[in-house]
Amino acid sequence: MKIINHLKGNKPGVSCELFPPKQGSQLDNALEIVRAIAAQRPSFISVTYGAGGSNAGEAVAIAAEVKRCGVPSMAHLTCINADEERIENVLAQLRDKGVNNILALRGDMPDGVTLENATYQHASDLVKKIKSFGDFCVGGACYPEGHPESAGLNDDIEKLKMKIDSGVEFLVTQMFFDNDTMYNYMYRLLAHGITVPVVPGVMPVTNAKQIQHICKLSDTKLPPRFRAIVEKFGDDPEAMKQAGINYATTQVLDLLANGFMDVHIYTMNKPEIIGGILRNLSCIVKK
């Protein structure tokens with residue numbers, strides 16, 4: 001199933017993200033995680049893609065396993081530092097496996113690489129390539145608090161329009177911890193004429209060290225009520241896990257109640273996280 005069809009429907013859902021194993025580690029364990037998460041019946045599962053395609057084979061295998069488990073699968077694809085042959089090779093593999101949803105990303109800039117000498121300089125360039133290659137449903141990333149490299153949120157949204165004009169059919173957001181940030185962002189998108197479906201991204205934080213790392217990487221801001229949870233329960237791993245899942249559940253519930261058709265959960269490959277959220281919403285998100 002193409003994800004855009006789900007997002008244009010009337011049945012709310014909760015989707016999630018997985019990442020493949022690093023090169024050299026065993027794929028079998030990762031496939032077991034796929035099966036455990038797929039058994040929770042999320043609306044779709046996305047699979048990340050290593051920088052420069054370092055784990056492309058594993059990513060394709062996991063995306064194919066998701067589909068085999070009966071759950072719509074979306075493969076991430078990054079283009080920075082990739083040539084046309086590599087991109088076409090991955091697209092051909094996904095097409096052959098029947099994976100027809102792709103999240104098109106520029107990717108983080110590797111050391112020694114500049115946009116000037118890149119074959120694909122922007123995600124919009126990759127979107128055009130995907131659309132010309134086959135019948136894929138293509139999503140793009142967006143940033144409610146602005147991309148770290150942008151001159152500001154309005155500048156970031158103007159660049160986002162380039163992706164949509166290139167063929168992006170829906171958007172998935174970077175994580176955020178304050179839903180008001182998301183609602184304000186939606187007003188900005190509408191003011192810029194952006195009306196494609198948007199899937200909010202939520203990260204259930206289950207340990208205190210994780211939150212420090214996340215905020216450093218993404219510039220994500222923490223609301224006072226979430227800081228209080230981390231300060232109160234951060235030294236108790238089980239309590240912090242429960243608190244993190246419940247805080248994320250509250251975010252998801254509020255987002256669905258305010259009209260979003262899907263919320264994307266960054267699971268960190270932990271089946272108990274998506275399972276806990278879906279159990280908390282069992283009468284709201286019906287399988």
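**Aromatic pairs, cores and a cavity**

In this predicted model, Phe177, Phe226 and Tyr247 are joined into a cluster by ring pairs. A pair of aromatic rings is described by how far apart the centres are and by the angle of the planes. The count of aromatic pairs comes to three. One of them, formed by Tyr183 and Phe260, is stacked, with 6.4 Å from centre to centre and 25 degrees between the planes. This pair links distant parts of the chain, 77 residues apart: Tyr183 belongs to helix α7 (residues 179-191), while Phe260 lies in the loop between α10 (237-257) and β8 (262-266). Both Tyr183 and Phe260 are buried.

Phe226 and Tyr247 form a tilted pair, at 4.7 Å centre to centre and 55 degrees between the planes. Here helix α9 (residues 224-233), which holds Phe226, is linked to helix α10, which holds Tyr247, and the two residues are 21 residues apart. Phe226 counts as buried because its relative accessibility is 1%. Tyr247 counts as buried because its relative accessibility is 10%.

The largest nonpolar core has 67 residues, of which Leu77, Ile130, Leu171 and Ile265 touch the most other members. Another core, of 27 residues, lies apart from it and includes Phe44, Phe170, Ala208 and Leu222.

Two cavities of 30 Å³ or more are present in the structure. The second largest cavity has a volume of about 30 Å³, and its lining includes Tyr49, His76 and Leu94. At least two lining residues come from each of α3 (56-68), β3 (73-78) and α4 (84-96), and α3 supplies the largest share, three residues. The lining of this cavity consists of seven nonpolar residues, one polar and no charged.

Note on methods
Residues are numbered from 1 along each chain as its sequence is written. This is a predicted model: local features need pLDDT of at least 70, side-chain atom pairs count only at pLDDT 80 or more; totals for chains, interfaces and linings use all residues. Side-chain values use heavy atoms; hydrogens and water are left out. A nonpolar core is a set of buried Ala, Val, Leu, Ile, Met, Phe, Trp, Tyr and Cys residues joined through side-chain atoms within 4.5 Å. Buried means under 20% relative accessible area, exposed over 50%, partly exposed in between (1.4 Å probe, protein chains only). On a 1 Å grid over the protein atoms alone, a cavity is a set of points where a 1.4 Å probe fits but cannot get out, and a pocket is an open set with protein on both sides within 12 Å along at least five of seven lines; lining residues have an atom within 4 Å of a point. Grid points are joined across faces, edges and corners, and a volume is the space filled by probe spheres set on the points. Helices (H or I, at least four residues) and strands (E, at least two) are DSSP runs, numbered from the N terminus. Ala, Val, Leu, Ile, Met, Phe, Trp, Tyr, Cys and Pro count as nonpolar, Asp, Glu, Lys and Arg as charged, and the others, Gly among them, as polar. Rings of Phe, Tyr and Trp (its six-membered ring) pair if their centres lie within 6.5 Å; planes under 30 degrees apart count as stacked, over 60 as edge-to-face and the rest as tilted.
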